[in-house]
Amino acid sequence: MKRVALGFIGLAWAASALAQDAPEAAPDDTAAIAQQFDIDRTDRMTVQVQVNGSEAVPFIVDTGAERTVIANDLARKLLLDAGPTLTLATISGKYQVNSFFIDTLSTSSVSLEGIEAPGLERSNLGAYGLLGIDSLEDSRVHLDFALKTMDVLPSRRTRGKTKLENGMIVVNAKRKAGRMILSSARIDGIKVDIILDTGAQSSMANIALRDRLRRRHISVAYIPVKMKSVTGTILDGEYTQIRQIDVGGLTINDMPMTFADNYAFAALGLKDRPAILLGMDALRLFDRVLIDFSNRRVGFDPPKGVSRQSANRLAAAF
């Protein structure tokens, strides 16, 4: 039996980077379970994961992946039982992949049981696996880039701003296929959907946005690049800088961006609507990011010294 597993995960780039507040505060937050993370050589977050009680190995934290994924060599080393053939949606299209049954998968902050995980080559993943949103979707995920910690807290429904969100710019989101999508962003007056993707080294926009910008006679220089998907296939893209992105009262200037015919946008119904996968190059501009899956909102904490007024501006400096 073949099943579809949506996971737009693990981008490897062939070019170097160019340089609303909610109402009153809600009750105290439940104490977080803190998980230390590292930044790998591609600027993505990794955490130590145990599979069926094994020795801990690094997995990439990927909010752009619907499913948790395991490297084939690790699965075989642990003698995991083979699962069904899955259809995996990647940046370059849909592919048939094998899968494995995992009894337990745990970090110091996350514990899962009974996982059917797609298996991919470690050389393409860049780690022993990917920790997808199936492990995070009922929680709030607090990413502190200054302290290099990821806190996972229970997410209870609340209209008000929580203590953890104090001082943050909070943007309402919607969920589609488990992913958090911000619909309040604009580029040169064009409404843009933004998908948060911690598994992507760099940010990527679709062809619909590129064409809308061109119709507005906005001229930018493009650099041809090639991107490698988690299955090892190659996707061509056009690399440039976006002069200004406005997201819920926060402005990011000179944001590096690659335009490509990424299958992820089509799978999410965003092929013909301007959209961006916001990668680690953008998220790391902030001191903290809080992703609240249950309440469908995202908090951004600008670096110290950057004003938190409605006219916030943040330069993408690399």
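Buried residues are those with under 20% relative accessible area, exposed residues those with over 50%, and partly exposed residues those in between, all with a 1.4 Å probe and protein chains only. On that scale Asp188 is partly exposed, at 36% relative accessibility. The structure is a predicted model, in which local features need pLDDT of at least 70 and side-chain atom pairs count only at pLDDT 80 or more, whereas totals for chains, interfaces and linings use all residues. Residues are numbered from 1 along each chain as its sequence is written, and side-chain values use heavy atoms, with hydrogens and water left out.

**Overall make-up**

- The chain has five helices and 26 strands, where helices (H or I, at least four residues) and strands (E, at least two) are DSSP runs numbered from the N terminus.
- Of the 318 residues of the chain, 57% count as buried.
- The chain exposes about 13,300 Å², of which carbon and sulfur atoms supply 49%; accessible areas come from the Shrake-Rupley method with a 1.4 Å probe, and for residues only the protein chains shown count as cover.

**Helix α3 and its cover**

- In helix α3, which spans residues 207-215, the buried residues are Ala208, Leu209, Arg210 and Leu213.
- The cover over these buried residues includes the strands β17 (179-187), β18 (190-196), β19 (204-205), β21 (234-247), β22 (250-260) and β23 (275-278), with contact meaning heavy atoms within 4.5 Å.

**Salt bridges**

- The count comes to eleven salt bridges, a salt bridge being a side-chain nitrogen of Lys or Arg within 4 Å of a carboxyl oxygen of Asp or Glu.
- Asp193 and Arg273 form one of them, with 2.8 Å from N to O; Asp193 lies in strand β18 and Arg273 in the loop between α4 (263-267) and β23, so the pair ties together parts that are 80 residues apart in sequence.
- Within this pair, Asp193 counts as buried at 1% relative accessibility, whereas Arg273 is partly exposed at 38%.
- Glu238 and Arg210 also meet through their side chains in a salt bridge, at 3.0 Å from N to O, and this pair links distant parts of the chain, with Glu238 in strand β21 and Arg210 in helix α3, 28 residues apart.
- Glu238 counts as partly exposed at 23% relative accessibility, while Arg210 counts as buried at 15%.
- A further salt bridge joins Asp261 and Lys271 at 3.2 Å from N to O; Asp261 lies in the loop between β22 and α4 and Lys271 in the loop between α4 and β23, so the pair ties together parts that are ten residues apart in sequence.
- Both side chains belong to partly exposed residues, Asp261 having a relative accessible area of 47% and Lys271 one of 43%.
- Salt bridges that share partners join Arg210, Asp211, Arg214 and Glu238 into one network.

**Positive surface patch**

- Lys174, Lys176, Arg186 and Lys191 form a positive surface patch; patches are made of residues with over 30% relative accessible area and no salt bridge, with like charges joined within 9 Å and nonpolar side chains (Val, Leu, Ile, Met, Phe, Trp, Tyr) within 5 Å.
- Lys and Arg count as positive and Asp and Glu as negative, with His and the chain ends not counted, and the place of a charge is taken as NZ of Lys, CZ of Arg, CG of Asp or CD of Glu.
- Lys174, a member of the patch, is found in strand β16 (residues 174-176) and is partly exposed, with a relative accessible area of 33%.

**Loop residues and backbone**

- Glu165 lies in the loop between β14 (149-154) and β15 (169-172) and counts as buried at 1% relative accessibility.
- Leaving aside residues up to four places away in sequence, Glu165 touches Gly160, Val170, Leu290 and Arg297.
- Thr107 has its place in the loop between β10 (99-106) and β11 (111-120) and is buried, with a relative accessible area of 14%; its C-alpha atom is separated by 9.2 Å from that of Val51, 56 residues apart along the chain.
- Most residues other than glycine have a negative phi.
- Asn52 has a positive phi of about 50 degrees although it is not a glycine; Asn52 lies in the loop between β5 (45-51) and β6 (57-61) and counts as partly exposed at 33% relative accessibility.
- Asp188, likewise not a glycine, has a positive phi of about 50 degrees and is found in the loop between β17 and β18.
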